[in-house]
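Please have the sequence and the structure in view while reading.

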Amino acid sequence: MKKIFNHIPFQVKVAVTILYLGVIALLSLLPVKDLPQVPLFPGADKLIHAGMYFVLSVLSLWTFHTSKVARWKLYAFVISWGLFMEILQILMRSGRQFSMLDIVANTTGVVLGIALYKVLNAQLKLQQA
């Protein structure tokens, strides 16, 4: 199977993934007063959470798809990162709140990202056969 973006070095993929982890950490841990006040519909933040972790799961799978890292370890790491961010929000006392619904949204994003990655990977293998 011809890999998507095969020409991108592994180190660059790792750097992009780590940078994205940093973006998630920054957005998750900034005090509420420092976040842009954009009027959104109720529940929009849950879609944002799901979207952020969707991208993180796809990036992680894309980065490590050829490595010896077991997929379940990637899944566990990405889900744990979301839980870790929620726990840090409690500990930092920056006006952010721990939310089980955020964890559900994060995990939903991860599951959807994994599903999309698997579907695309299967489709590309079929096209190359």
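In which helix do Phe-77 and Trp-81 both lie, and how many residues apart are they? In this predicted model, both residues belong to helix α3, which covers residues 71-92, and they are four residues apart, about one turn of the helix.

The count of aromatic pairs comes to three. One of them joins Phe-77 and Trp-81, whose ring centres are 6.0 Å apart with the planes at 35°, so the pair is tilted, given that planes under 30 degrees apart would count as stacked and those over 60 as edge-to-face. Trp-81 also forms an aromatic pair with Phe-84, and that pair is likewise tilted, with 5.8 Å from centre to centre and 50° between the planes. Because Trp-81 and Phe-84 are three residues apart in helix α3, about one helical turn separates them. Through such ring pairs, Phe-77, Trp-81 and Phe-84 are linked into a cluster.

| Residue | Relative accessible area | Class |
|---|---|---|
| Phe-77 | 38% | partly exposed |
| Trp-81 | 17% | buried |
| Phe-84 | 40% | partly exposed |

Trp-81 counts as buried because its 17% falls in the class under 20% relative accessible area, whereas Phe-77, at 38%, is partly exposed, and Phe-84, at 40%, is partly exposed as well.

How values were computed: Residues numbered from 1 in each chain as written. Predicted model: local features only at pLDDT ≥ 70, side-chain atom pairs only at ≥ 80, totals over all residues. Heavy atoms only, no water. Phe/Tyr/Trp six-rings, centres within 6.5 Å; stacked < 30°, edge-to-face > 60°. Helix = DSSP H or I, 4+ residues; strand = E, 2+ residues; numbered from the N terminus. Buried < 20%, exposed > 50% of the residue type's maximum accessible area, 1.4 Å probe, protein only.
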